[in-house]
Amino acid sequence: MKLLQIALLVTASLIATSCQSKNKKNTVSETTSAIEAEQEEMYEEVKLSRQQLSKYETAYFASGCFWCVEAIFESVKGVKEVISGYAGGKQKNPTYEEVGYGKTDHAEAVEVYYDPKVISFTELVQVFFGSHDPTQLNRQGPDRGRQYRSIAFYKNDEEKKIIENYIQALKDNKVYDEDPITTEVTPYTVFYEAESYHQDYEKNNPNNSYIRNVSVPRLNRFKANFGEYLKKNAH
């Protein structure tokens, strides 16, 4: 698929790597890390507490219905937890009804807790762009409104540079032909966790018509093109 090929090219162009041969010590270290990562995956079905999650890094994205976005990032290796919520607006303590009816300027977003030793912020940005259409302004698929807009949040200058460089690489490689990328690159300020029934919604509501007809197909498209990024136990 063109998008996957270009995404890999973009990643390669953003990350400086060494072509030197790895010595035995490095090989052993990498093997040990891989085993540890697989062991950790076995326990990721058990919800981690806020205190346990605090040792990991966080990243924030918005790209349509958070039921879909949460399920996608949950399937990615190195991701420890994904929380659905609201970000990008100024109103305090927004509710689902307020955001859904466009009464705030928040977007449905996700908070991603990840282990940078397993997956980098650059790779999460690749997951973000590879799992939705950033040329759709204020919508994603069947969902319409600014609450479904595409946003990549950054917490520091390094993250901002990674996002902007990735967008520029997508443009340079004409991944979306001449269609403009509408993704907002926004400084992170605050994230409001959504109501409890929205958490793990795709997993807990497999018979919901939206989940069957929109979320699952979107997740499966991502899995088909980014298999190397998936957890071994990804559903």
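E81 forms a salt bridge with K47, and the closest N and O atoms of the pair lie 3.1 Å apart. A salt bridge here is a side-chain nitrogen of Lys or Arg within 4 Å of a carboxyl oxygen of Asp or Glu. The pair links distant parts of the chain, 34 residues apart: E81 belongs to strand β2, whereas K47 lies in the loop between α2 (24-41) and α3 (50-53). A search of the whole structure finds seven salt bridges.

The model is predicted: local features need pLDDT of at least 70, side-chain atom pairs count only at pLDDT 80 or more, and totals for chains, interfaces and linings use all residues. Residues are numbered from 1 along each chain as its sequence is written, and side-chain values use heavy atoms, with hydrogens and water left out.

**The sheet**

Six strands form an open sheet with mixed pairing, in the order β7-β6-β1-β3-β2-β8. Because β7 (184-187) and β8 (192-193) stand at the edges, each with a single partner strand, one side of each is left without a neighbour in the sheet. Strands (E, at least two residues) and helices (H or I, at least four) are DSSP runs, numbered from the N terminus; two strands pair if DSSP finds at least two bridges between them. Strand β1 (residues 57-63) runs antiparallel to strand β6 (residues 150-154), and three bridges join them. F61 has A152 as its bridge partner in β6. Helix α4 (residues 66-74) packs on the sheet and touches β1, β2 (79-87) and β3 (107-114); its direction makes about 160° with that of β2. Contact means heavy atoms within 4.5 Å.

**Helix packing**

Two helix pairs are set out below. Axes are lines fitted to C-alpha atoms, for helices over the stretch in contact, and angles run from 0 to 180 degrees between N-to-C directions.

| Helix pair | Axes | Angle |
|---|---|---|
| α6 (residues 121-130) and α7 (residues 157-172) | within 10 Å | roughly 45° |
| α4 and α9 (residues 209-225) | 9 Å apart | about 35° |

The contact of α6 with α7 is made by F121, T122, V125, Q126 and F129 of α6 and E159, I162, I163, Y166, I167 and L170 of α7. These residues divide into eight nonpolar, two polar and one charged. Ala, Val, Leu, Ile, Met, Phe, Trp, Tyr, Cys and Pro count as nonpolar, Asp, Glu, Lys and Arg as charged, and the others, Gly among them, as polar.

Between α4 and α9, the contact residues include W67 and I72 of α4 and R218 and F222 of α9. The contact of α4 with α9 comprises 10 nonpolar residues, one polar and one charged.
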